[in-house]
Amino acid sequence: MRLRAVQTKELQFSAGLCSAQREMPTLLALTAAGRLDPAVVVSDRLPLAQAATGYAMLARRAPGVGKITLRPDAVTS
């Protein structure tokens with residue numbers, strides 16, 4: 001990345017670390033034991049055919065949107 005372009009265009013970016021692979025066994029065990037309910041972070045459930053809509057919701061940071069699950073077997077209406 002060219003820093004001059006970042007400065008002149010006043011671009012902003014951020015990054016974060018995610019330890020999902022390391023935490024996954026613990027999260028799955030807690031979920032299986034009923035001590036963790038991952039559904040609380042899911043704000044929307046869409047059929048796979050509406051994946052583009054889901055990504056657009058995330059991209060524009062629509063109010064109330066957390067995580068979106070996509071269901072490949074869902075029938076669109």
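## Salt bridge

Glu23 is partly exposed, at 32% relative accessibility. The class runs between buried (under 20% relative accessible area) and exposed (over 50%), with a 1.4 Å probe and protein chains only. Arg22 is exposed, with a relative accessible area of 64%. The side chains of Glu23 and Arg22 meet in a salt bridge at 3.5 Å, N to O. The term needs a side-chain nitrogen of Lys or Arg within 4 Å of a carboxyl oxygen of Asp or Glu. The structure holds 1 salt bridge.

## Basis of the values

This is a predicted model: local features need pLDDT of at least 70, side-chain atom pairs count only at pLDDT 80 or more, and totals for chains, interfaces and linings use all residues. Residues are numbered from 1 along each chain as its sequence is written, and side-chain values use heavy atoms, without hydrogens or water.

## Largest pocket

The largest pocket holds about 190 Å³ of space. A pocket is an open set of points on a 1 Å grid where a 1.4 Å probe fits, with protein on both sides within 12 Å along at least five of seven lines; lining residues have an atom within 4 Å of a point. Its lining includes Leu27, Thr31, Asp37 and Lys67. Helix α2 (20-32) and strand β2 (67-71) are the elements that give two or more residues to this lining. By class, the lining has 6 nonpolar, 2 polar and 2 charged residues.

## Nonpolar patch

Met24, Leu27, Leu28 and Leu36 make a nonpolar surface patch of about 330 Å². Patch residues have over 30% relative accessible area and no salt bridge, and nonpolar side chains are joined within 5 Å. Leu28 lies in helix α2. Leu28 is exposed, at 52%.

Key
Grid points are joined across faces, edges and corners, and a volume is the space filled by probe spheres set on the points. Helices (H or I, at least four residues) and strands (E, at least two) are DSSP runs, numbered from the N terminus. Ala, Val, Leu, Ile, Met, Phe, Trp, Tyr, Cys and Pro count as nonpolar, Asp, Glu, Lys and Arg as charged, and the others, Gly among them, as polar. Patches are made of residues with over 30% relative accessible area and no salt bridge: like charges are joined within 9 Å, nonpolar side chains (Val, Leu, Ile, Met, Phe, Trp, Tyr) within 5 Å. Accessible areas come from the Shrake-Rupley method with a 1.4 Å probe; for residues, only the protein chains shown count as cover.
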